[in-house]
Amino acid sequence: YQRRGTWGELTLEKMYSISVRANTILFHTATTLAILAGLNWLSGEFLLHNKEVPIDLKLRDVTRFGKNTRFNWEEASFRFDLKADMTNLYNWNVKQIFLYMTVSFEHDFGGKNSTKSVITVWDSILPRWETKRSKTTWVMRNRHKYKFENEAIEYPIRDVYHTLKGKTVTVSLKAEVMPIIGHIFSVHLHNTTLALPNKYV
């Protein structure tokens with residue numbers, strides 16, 4: 001008890017009330033969790049960078065290449081085989097990895113008037129804990145090793161300038177590593193090229 005006097009009166013007040021004890025416990029718990037979260041982020045951050053990720057990406061044939069008359073643009077689609085060992089990108093602080101494929105190409109109109117298009121054509125969420133994948137294609141997963149066979153891209157290559165005929169485009173495989181605590185960072189995994197036909201198929 002704490003003794004406190006006011007104008008000659010003597011009163012007693014509980015020094016360690018339930019609210020004071022609850023506030024102390026809550027403060028120490030929050031502080032401990034914050035310190036552990038910071039240590040978790042720092043340890044995972046140092047382990048993830050400069051890790052080699054074995055990638056085997058093979059592009060198959062172009063399944064569709066033509067003109068969309070409704071929107072007046074060119075469209076192209078293709079299939080691919082992918083083997084990826086993502087084990088080195090996972091640790092205790094990684095929740096999931098967003099794996100995606102982009103296609104990039106230049107629009108050269110002569111002189112300095114040129115632009116570059118970068119299109120996301122395929123993506124997949126790779127969780128830390130494996131879940132069943134409902135896809136029509138056959139997929140085998142074993143400890144963060146992924147295999148996609150005869151996989152079709154989800155979003156076609158589109159060009160409003162109609163310059164895709166005979167063009168060689170760059171196909172890139174990238175990943176966004178999403179931690180439980182900390183910032184998301186990008187990883188460039190692989191580059192290859194795809195030659196589009198000289199006529200519509």
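First, the ground rules. Residues are numbered from 1 along each chain as its sequence is written, and side-chain values use heavy atoms, with hydrogens and water left out. Since this is a predicted model, local features need pLDDT of at least 70 and side-chain atom pairs count only at pLDDT 80 or more, while totals for chains, interfaces and linings use all residues.

Let's start with the fold. The chain has 1 helix and 11 strands. Both kinds of element are DSSP runs, numbered from the N terminus: helices are H or I with at least four residues, strands are E with at least two. Read from the N terminus, the order is β-β-α-β-β-β-β-β-β-β-β-β. The helix, α1, covers residues 18-48.

Now the open sheet. It has 4 strands, in the order β6-β5-β10-β11, and the pairing is antiparallel. To pair, two strands need at least two bridges between them in DSSP. β6 and β11 are the edge strands, each pairing on one side only. Neighbouring strands are turned by 20° against each other on average, direction ignored. Those angles use axes, which are lines fitted to C-alpha atoms (for helices, over the stretch in contact); angles run from 0 to 180 degrees between N-to-C directions. Take β5 and β6: they are joined by 13 bridges in the antiparallel sense. Within this region, E106 stands opposite K116 of β6.

Next, the inside. Of the 201 residues in the chain, 34% are buried. Buried is under 20% relative accessible area, exposed is over 50%, and partly exposed lies in between (1.4 Å probe, protein chains only). The largest nonpolar core holds 38 residues, and F78, L82 and M86 touch the most other members. Such a core is a set of buried Ala, Val, Leu, Ile, Met, Phe, Trp, Tyr and Cys residues joined through side-chain atoms within 4.5 Å. Which element gives the largest share of this core? β5 does, with 6 residues.

On to charges. Side chains of opposite charge can pair when their charged atoms come close. Our rule for a salt bridge is a side-chain nitrogen of Lys or Arg within 4 Å of a carboxyl oxygen of Asp or Glu. The count is 4.

Here is one: D81 with R60, closest N and O atoms 3.0 Å apart. D81 sits in strand β4 and R60 in strand β3, 21 residues apart, so the pair links distant parts of the chain. R60 is partly exposed, at 39% relative accessibility.

Another is R158 with E75, at 3.3 Å between the closest N and O atoms. This pair also links distant parts of the chain: R158 is in strand β9 (residues 157-159), E75 is in strand β4, and 83 residues separate them. Shared partners join R64, E75 and R158 into one salt-bridge network.

Then there is E149 with K147, closest N and O atoms 3.3 Å apart. E149 is partly exposed, with a relative accessible area of 34%.

Last, the surface. L33, I35, L36 and L39 make a nonpolar patch of about 410 Å². Patch residues have over 30% relative accessible area and no salt bridge; nonpolar side chains (Val, Leu, Ile, Met, Phe, Trp, Tyr) are joined within 5 Å, like charges within 9 Å. Areas come from the Shrake-Rupley method with a 1.4 Å probe; for residues, only the protein chains shown count as cover. L39 is found in helix α1.
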